[in-house]
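Thanks for coming. I will talk through one structure this morning, starting with the overall layout and then going into a few places in detail. Please have the sequence and the model open.

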Amino acid sequence: MEPKNDVELLEMINTSKTRDKGFRILVETYQRNVYDIVRKMVIIHDDANDVVQNTFIKAFKNIHQFNQKSSLFTWIYRIAVNESLNFIEKRKKKLSTSIEDYHEKMENYVDQSPLVDGNEIEKKLQKAILKLPTKQRLIFNLRYFDELPYEEMSKITETSVGSLKAGYHHAVKKIEDYLSKD
């Protein structure tokens, strides 16, 4: 029996006989979307895979704490966002480099990696996005690429809709400024 909605999926996960199958379905359902948002944040494919794996491990360990006040999608996205932000902070500290050096490393990766798709315009956009502060980059990615409504973004980021709109506006302005320089 395949679950038809979040409630049925949660019942599967919370039943010992169907727990493994339920969790496998959860991963299959959300893995692509989670990978996409994580990859836009951490850039490097292998790092994104690690963060995605950590996201689902955390979801598995904490599924009993899911209170159903939001959708399962929102809950998992929130975990993925937090794991991405934590990863970026740890990476910056581990590299013990300045934020500019970290951004330069990521820009070089965008230019050189065969795993980064796109033409020159898309790569330039990715570089512009990398210049944004981490939270603005997250807001921009959720709104521009994932086309999430502000209300859903608010639940994921635990940020007010007004702050998200302002953050998105500032991010777009910075990206436009960066793109118009050449």
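I will go from the helices to the core, then to the aromatic rings, and end with some backbone details.

First, a caution: this is a predicted model. The protein has nine helices and zero strands. Read from the N terminus, the elements go α-α-α-α-α-α-α-α-α. Of the 182 residues in the protein, 46% are buried. If you take contacts between residues at least 6 apart in sequence, 58% of them join residues at least 24 apart.

As general background, nonpolar side chains in soluble globular proteins tend to be buried together. Here, the largest nonpolar core has 48 residues, and the members that touch the most others are Val 34, Val 38 and Leu 72. Which elements give two or more residues to this core? They are α1 (6-13), α2 (19-42), α3 (45-62), α4 (72-95), α6 (120-130), α7, α8 (150-157) and α9. The largest share comes from α2, with 11 residues.

Apart from its neighbours within four places in sequence, Leu 72 is in contact with Asp 6, Leu 9, Leu 10, Leu 26, Tyr 30, Ile 63 and Phe 66.

Phe 66 brings us to the aromatic rings. The structure holds nine aromatic pairs. One of them joins Phe 66 and Trp 75, with 5.3 Å between the centres and 55 degrees between the planes, and this pair is tilted. Both residues are buried: Phe 66 has a relative accessible area of 8%, and Trp 75 has one of 12%.

Another pair is Phe 140 with Tyr 168, and this pair is stacked, at 5.7 Å centre to centre and 15 degrees between the planes. Why does this pair tie together separate parts of the chain? Phe 140 lies in helix α7 (residues 134-145) and Tyr 168 lies in helix α9 (residues 161-180), so the pair links parts that are 28 residues apart in sequence. Phe 140 counts as buried because its relative accessibility is 3%, with the cut-off for buried being under 20%. Tyr 168, at 17% relative accessibility, counts as buried too.

Tyr 150 has a charged residue over its ring: Arg 143 lies over the face, at 4.2 Å from the ring centre. Elsewhere, Arg 19 lies over the face of Phe 60, at 4.5 Å from the ring centre.

While we are in α7, look at Asn 141, which lies in that helix. Is Asn 141 buried or exposed? Asn 141 is buried, with a relative accessible area of 1%. Leaving aside neighbours within four places in sequence, the contacts of Asn 141 are Ile 37, Lys 40, Met 41, Ile 129 and Asp 146.

Next, α8. Six of its eight residues are buried, so this helix is largely enclosed by the rest of the structure. The buried ones are Tyr 150, Glu 152, Met 153, Ser 154, Ile 156 and Thr 157. How do α8 and α9 pack? Their axes are 9 Å apart and the angle is about 105 degrees. The two helices are therefore roughly perpendicular to each other. On the α8 side the residues are Tyr 150, Glu 151, Met 153, Ser 154 and Thr 157, and they meet Val 161, Leu 164, Lys 165 and Tyr 168 of α9.

Last, the backbone. Most residues other than glycine have a negative phi. Just after α8, Glu 158 takes a positive phi of about 55 degrees. Ile 43 is not a glycine either, yet has a positive phi of about 70 degrees. Ile 43 sits in the loop between α2 and α3, and is buried, with a relative accessible area of 5%. Gln 68, again not a glycine, has a positive phi of about 60 degrees. The place of Gln 68 is the loop between α3 and α4, and at 49% relative accessibility Gln 68 counts as partly exposed.

That is the tour. I will take questions now.

Conventions: Residues numbered from 1 in each chain as written. Predicted model: local features only at pLDDT ≥ 70, side-chain atom pairs only at ≥ 80, totals over all residues. Heavy atoms only, no water. Phe/Tyr/Trp six-rings, centres within 6.5 Å; stacked < 30°, edge-to-face > 60°. Buried < 20%, exposed > 50% of the residue type's maximum accessible area, 1.4 Å probe, protein only. Helix = DSSP H or I, 4+ residues; strand = E, 2+ residues; numbered from the N terminus. Lys NZ or Arg CZ within 6 Å of the ring centre and 35° of its normal. Core = buried A, V, L, I, M, F, W, Y, C linked by side-chain atoms within 4.5 Å. Contact = heavy atoms within 4.5 Å. Axes fitted to C-alpha atoms, helices over the stretch in contact; angles between N-to-C directions. Parallel < 35°, antiparallel > 145°, perpendicular 65-115°, else oblique.
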